[in-house]
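This report describes the fold, the packing and selected local features of one protein chain. Please consult the sequence and the model shown below while reading.

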Amino acid sequence: MQTYLLSQQFNTRSLAENSTACAANATICNGTSCVLPEDNFNETLSIVLSTVLTIMLALVMFSMGCNVEFKKFWAHIKRPWGIFVGFLCQFGIMPLTAFLLSLAFNVLPIQAVVVLIMGCCPGGTASNIIAYWVDGDMDLSISMTTCSTLFAMGMMPLCLFLYTKMWTDSNAIVLPYDSIGISLVALVIPVSFGMYVNHRWPSKAKIILKIGSIVGAVLIVLIAVVGGILYQGSWIISPKLWIIGTIFPAAGYSLGFFLARIAGLSWHRCRTVSLETGMQNTQLCSTIVQLSFTPEQLELMFTFPLIYSIFQMLFALLILAGYRVYRRQRVKTKTDVEKPDEKEDSKSTSSHAITNGGFVSNETK
């Protein structure tokens with residue numbers, strides 16, 4: 001009996017000592033083993049928010065389609081010089097930049113692979129929203145996003161095969177073709193409806209476009225906040241990935257703009273190509289990463305797509321702010337220049353009227 005009591009006291013003491021290492025809500029099984037109850041909050045939140053964001057994104061793309069004319073859109077498809085330049089930027093500049101950044105910062109192989117996956121992804125739909133706000137070519141923007149998503153079916157495996165050979169077997173990377181297909185459908189169908197509305201009811205299309213552009217801006221902020229909520233436990237990663245996540249989108253915007261300008265595109269199309277190049281489909285990158293790597297590997301690089309997403313948005317907003325300031329200054333300067341010209345025109349008109357007996361020709365009006 002005494003031995004039993006000592007044994008019970010020992011078990012109680014050891015249990016109390018080990019309970020400090022366990023969470024308060026842990027279920028203790030098999031002596032000192034601590035088993036936490038499964039937390040489905042993040043999973044449930046992710047499903048609900050993904051559904052809401054998908055619906056919102058479809059509505060935003062519908063509104064963006066209200067600014068697209070079928071004739072101009074089809075003209076870009078028939079004479080795809082702008083699309084070709086965008087293709088070179090998307091699947092030429094971005095994967096090469098990812099490769100060079102990975103080498104320059106000498107990151108771990110698994111981290112280099114996630115940087116390359118990001119570089120090989122097609123353009124994201126957020127670029128269409130920002131392109132609208134910077135007075136870009138919406139017909140080119142929509143056609144570039146559509147074509148890059150379609151070309152990604154073949155170009156992503158090819159680019160990953162070429163660039164990841166020195167770090168990993170490209171066959172180990174799982175490409176979610178169903179997700180790419182869903183992205184394509186989610187882009188094409190709402191935009192097509194928007195184009196139809198623009199064709200049939202142009203005045204209503206303008207109202208829808210204004211509402212959609214505001215909702216799109218809210219959506220961009222919402223996606224960033226949601227990412228921070230869902231992945232707040234994964235922020236402790238290598239500082240090198242933070243630096244790459246900062247440089248990479250900035251390089252994409254800059255190189256895309258300069259290549260478009262060298263190719264002879266107009267300024268508003270250069271802005272469009274720049275945004276389409278720097279803005280990647282980060283959701284697709286996250287999906288590929290989750291499908292391809294173990295939980296231990298994910299701890300080293302899972303947050304990189306979110307870091308890239310934050311900085312691509314930050315730089316896009318800086319581009320937008322810079323453009324708005326430039327446009328305001330340009331309008332102000334143009335107004336100041338036109339005022340003295342108007343005075344000179346009125347003086348010349350009055351003198352012309354005096355010399356011609358008060359008659360003013362239609363040309364001087």
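The UniProt record, an unreviewed entry, places the feature "transmembrane region" at residues 45-63, 83-105, 112-134, 140-163, 175-195, 207-229, 241-263 and 306-326. UniProt positions follow the numbering used here, feature names are shortened, and annotations may be inferred rather than shown by experiment. The model is predicted: local features need pLDDT of at least 70 and side-chain atom pairs count only at pLDDT 80 or more, whereas totals for chains, interfaces and linings use all residues. Residues are numbered from 1 along each chain as its sequence is written, and side-chain values use heavy atoms, with hydrogens and water left out.

**Overall fold**

The protein chain holds 14 helices and two strands; helices (H or I, at least four residues) and strands (E, at least two) are DSSP runs numbered from the N terminus. Of its 365 residues, 41% count as buried, where buried means under 20% relative accessible area, exposed over 50%, and partly exposed in between (1.4 Å probe, protein chains only). Among contacts (heavy atoms within 4.5 Å) with a separation of 6 or more, 81% join residues 24 or more positions apart.

Two of the annotated spans compare as follows.

**Nonpolar cores**

A nonpolar core is a set of buried Ala, Val, Leu, Ile, Met, Phe, Trp, Tyr and Cys residues joined through side-chain atoms within 4.5 Å. The largest one has 41 residues, and V115, I117, M156, F248, V289 and F304 have the most contacts inside it. Two or more residues of this core come from each of α4 (81-105), α5 (109-120), α7 (138-163), α10 (239-262), α12 (282-292) and α14 (304-355). The greatest contribution, nine residues, is that of α5. Leaving aside residues up to four places away in sequence, V115 touches A98, S102, L241, I244, F248 and F304. Another core, of 25 residues, lies apart from it and includes V134, L187, L209 and Y253.

The 25 residues of α4 reach 35 Å from the first C-alpha to the last, close to the 36 Å expected at 1.5 Å a residue; the expected span is 1.5 Å times one less than the number of residues. At C89, α4 bends by about 25 degrees, the angle between axes fitted to the seven residues ending there and the seven starting there. In the loop between α4 and α5 is N106, a residue other than glycine with a positive phi near 50 degrees. N106 counts as exposed because its relative accessibility is 60%.

Helix α6 (residues 126-133) is mostly covered, with six of its eight residues buried: A126, S127, N128, I129, I130 and A131. D135, in the loop between α6 and α7, also has a positive phi, near 55 degrees. Its relative accessibility is 30%, so D135 counts as partly exposed.

**Aromatic pairs**

Rings of Phe, Tyr and Trp (its six-membered ring) pair if their centres lie within 6.5 Å; planes under 30 degrees apart count as stacked, over 60 as edge-to-face and the rest as tilted. The structure holds twelve such pairs. The ring centres of F257 and F258 are 6.1 Å apart and their planes stand at 80 degrees, so this pair is edge-to-face. F257 counts as partly exposed at 22% relative accessibility, and F258 counts as exposed at 52%. One aromatic cluster is formed by F87, F91 and F151.
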